[in-house]
Amino acid sequence: MIGVELRKLFRRPRTWVTIAVLNALPVLVAVLVQLTDLAPRPGEGPPFLSAVLTNGALFPLAALAIVLPLFLPIAVAVVAGDAVAGEAQAGTLRYLLVRPAGRTRLLVAKLVAVIAFVLVTVLVVAGVGYVVGTTLFDAQPVGGGTSVSGTSLSQQELAGRSLMAIGYVTVSMLGVAAFGLFFSTLTDSPLAAALGALAVLVTSSLLFTLDAASPIAPYLPTRYWLAFVDLFRDPILWRDVVRGLALQGVYVGVLLAAAWANFTTKDVTS
Amino acid sequence: MSAVIRTRGLVKRYGRLRAVDGIDLDVRAGDVYGFLGANGSGKTTTVRMLLGLVLPTAGEVELLGERMPRAGRRVLPRVGALVEGPAHHGHLSGRANLALIDAAGPGGSRRTRRARIEEVLQQVGLGGIDRRPVRAYSLGMRQRLGLAAALLRRPELLVLDEPTNGLDPQGIHEIRDLLLELHRGGTTVFLSSHLLAEVEQLCTRVGVLDRGRLVLQDELARLTAPTGATVVDTPAADRVRAVLDGRVLGVEGSRVVVRGADPAEVNALLVAAGVPVTGLALQRPTLEEVVLAAAGTSADRVEAAR
């Protein structure tokens with residue numbers, strides 16, 4: 001069942017178009033920065049971009065930081081929102097259930113497929129970022145990189161922390177995926193499900209900037225998204241990273257439970 | 001005979017509307033069961049409840065002797081279904097679609113998958129399809145592909161909702177032959193349709209649904225049994241009344257309905273009296289008459305409240 005869902009997702013041209021589009025923006029940014037030699041000053045613009053001119057190996061992180069606020073969540077919301085509602089709209093959901101695929105198993109398989117999409121997307125963005133960064137900019141193979149705090153990191157430290165950052169971004173996106181999947185069980189329209197998930201994220205980002213909303217700020221799903229930057233401080237500033245992981249864990253758990261409760265008791269009339 | 005589908009007091013309520021209102025279906029092994037009803041009479045909701053897609057408000061469903069939807073995982077692999085038209089992934093080929101649906105559930109071994117797919121494609125007349133995506137198929141081809149998916153695991157029971165929808169007359173004929181062949185091979189067929197002719201040609205038993213209620217359920221042969229009257233075609237209809245005094249039940253143009261279940265006897269009397277007879281038959285109600293007598297007006301009529 002999980003294999004079936006993975007095959008469906010990755011044999012679909014749309015999936016790869018989405019991933020390709022997602023990579024276009026960081027590549028464009030890289031080319032522009034390289035051509036003009038004008039990196040944003042430290043502390044401005046997307047994180048890590050200022051350091052890219054001196055060390056291209058940091059570009060995967062800059063690439064992730066570029067797509068994280070908007071592009072990546074949109075892609076994840078579209079794929080997750082399509083998971084159940086897309087089958088419902090196409091009419092294939094009833095045939096899957098009559099096969100019988102089993103409602104719980106189907107939901108689990110959809111979840112695994114969405115997680116796989118998140119992971120593949122994040123890895124491709126990081127991978128393309130690395131290739132672009134090391135070809136367009138000077139990489140520093142020997143001395144390692146520089147942490148955000150100014151001390152220098154060895155090559156191994158940088159690689160390890162990059163992997164942790166990729167993992168952290170993936171977990172952050174799982175929150176989006178959980179919203180998308182939950183809405184996807186509520187409606188037969190994949191568009192509505194994706195827009196629902198995006199509406200949550202837009203609301204969250206907006207409230208985050210509002211001082212009046214500060215009491216609820218720690219519970220907003222987008223609150224700790226950029227905390228992966230803290231992984232590159234020296235020493236690592238774990239506080240926000242841990243809180244971010246815990247918060248996403250709660251969102252994912254609650255939403256998946258709600259999605260399961262709804263989907264297993266719902267009349268499939270599509 | 002064992003029951004293949006049995007429901008008891010099956011009810012589905014949507015708010016105040018009772019879409020299905022306490023029906024007791026009884027489909028036996030070896031039946032070709034025609035499930036008739038106007039649009040909106042609750043046919044599709046019933047079919048969905050049989051298959052566990054819609055959960056009943058009250059009542060119970062037994063499929064192949066086991067309670068649905070609880071036993072779905074055991075029972076449904078033995079059932080093939082076509083519900084409200086076929087549905088496939090448009091960007092994949094027909095074979096890829098069948099392979100995916102086969103892999104999505106239990107009861108279909110991976111080793112025999114390719115052979116089974118080729119076999120059912122042959123059966124429904126799609127043996128020669130190429131790698132074109134389903135998107136490029138005609139409506140009739142999609143219908144055939146949907147039927148192929150239903151046959152993939154050689155089911156004991158076929159639940160088909162309007163299976164000849166979108167097919168041309170030749171296609172309808174082919175599918176009818178296929179269903180009859182499957183039936184001879186021991187498959188029980190539950191055919192939901194609003195096409196009376198289709199049901200009359202195929203089915204051995206009939207159930208009629210009207211506004212969520214099962215108003216009729218019987219053998220087709222019994223429903224359309226002779227009424228005990230004879231229909232006479234004659235250009236001299238007025239003279240029949242004189243010859244067969246008191247036995248004439250009705251005159252309609254050149255058709256005269258006469259009491260008496262023996263056309264030969266009626267014929268002999270008329271010919272002896274010199275009345276020309278151009279046609280003679282036992283009177284049988286058509287399925288249409290039976291259904292119209294049992295069910296009310298079309299359920300998608302919306303009358304103004306008075």
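The lining of the largest cavity draws on both chains: helix H1 (2-10) and helix H6 (92-98) of chain A, together with helix H3 (94-103) and helix H5 (139-151) of chain B, each supply at least two residues. The model is a predicted one, and the structure holds 2 cavities of 30 Å³ or more.

**Largest cavity**

- The largest cavity has a volume of about 170 Å³, and of the 16 residues that line this cavity, the closest to its centre are A:Tyr95, B:Ala87, B:His88, B:Asn97 and B:Ile101.
- Helix H3 of chain B gives the largest share of this lining, with 4 residues.
- Sorted by class, the lining of the largest cavity comprises 10 nonpolar, 5 polar and 1 charged residues.

**Second largest cavity**

- The second largest cavity, with a volume of about 90 Å³, is lined from chain A by A:Tyr95, A:Val98 and A:Arg99, and from chain B by B:Val79, B:Gly80, B:Ala81, B:Ile101, B:Ala149, B:Ala150 and B:Arg153.
- Two or more residues of the lining of the second largest cavity come from each of H6 of chain A and, in chain B, strand S7 (79-82) and H5.
- Strand S7 of chain B provides the largest share of the lining of the second largest cavity, 3 residues, and by class this lining divides into 7 nonpolar, 1 polar and 2 charged residues.

**Largest pocket**

- About 480 Å³ of space lies in the largest pocket, and of the 27 residues that line the largest pocket, the closest to its centre are B:Asn39, B:Gly40, B:Ser41, B:Gly42 and B:Thr44.
- Strand S2 (17-23) and helix H1 (43-50) of chain B are the elements that give two or more residues to the lining of the largest pocket, with the largest share, 4 residues, coming from H1 of chain B.
- The lining of the largest pocket divides by class into 8 nonpolar, 12 polar and 7 charged residues.

**A four-stranded sheet of chain B**

- An open sheet of 4 strands in chain B has the order S13-S14-S12-S15, and its pairing is antiparallel.
- Strand S13 (248-252) and strand S15 (279-282) of chain B each have a single partner strand and stand at the edges, so one side of each is left without a neighbour in the sheet.
- Neighbouring strands of this sheet are turned against each other by 15° on average, direction ignored.
- Within the sheet, strand S12 (residues 229-233) and strand S14 (residues 255-259) of chain B run antiparallel and are joined by 5 bridges, and B:Asp233 stands opposite B:Arg255 in S14 of chain B.
- Helix H10 (residues 263-272) of chain B lies across S12, S14 and S15 of chain B, and runs at about 45° to S12 of that chain.

**Annotated spans of chain A**

- An unreviewed UniProt entry carries the annotation "transmembrane region" for residues 16-36, 56-85, 106-132, 163-184, 191-210 and 244-263 of chain A.
- In the model, residues 56-85 of chain A are 80% helix and 0% strand, with the end C-alpha atoms 41 Å apart.
- Residues 163-184 of chain A are 100% helix and 0% strand, and the end C-alpha atoms of this span lie 31 Å apart.

Terms used: Residues are numbered from 1 along each chain as its sequence is written. Chains are lettered from A and ligands numbered from 1 in the order in which they are written. This is a predicted model: local features need pLDDT of at least 70, side-chain atom pairs count only at pLDDT 80 or more; totals for chains, interfaces and linings use all residues. Side-chain values use heavy atoms; hydrogens and water are left out. On a 1 Å grid over the protein atoms alone, a cavity is a set of points where a 1.4 Å probe fits but cannot get out, and a pocket is an open set with protein on both sides within 12 Å along at least five of seven lines; lining residues have an atom within 4 Å of a point. Grid points are joined across faces, edges and corners, and a volume is the space filled by probe spheres set on the points. Ala, Val, Leu, Ile, Met, Phe, Trp, Tyr, Cys and Pro count as nonpolar, Asp, Glu, Lys and Arg as charged, and the others, Gly among them, as polar. UniProt positions are given in the numbering used here, feature names are shortened, and annotations may be inferred rather than shown by experiment. Two strands pair if DSSP finds at least two bridges between them. Axes are lines fitted to C-alpha atoms, for helices over the stretch in contact, and angles run from 0 to 180 degrees between N-to-C directions. Contact means heavy atoms within 4.5 Å.
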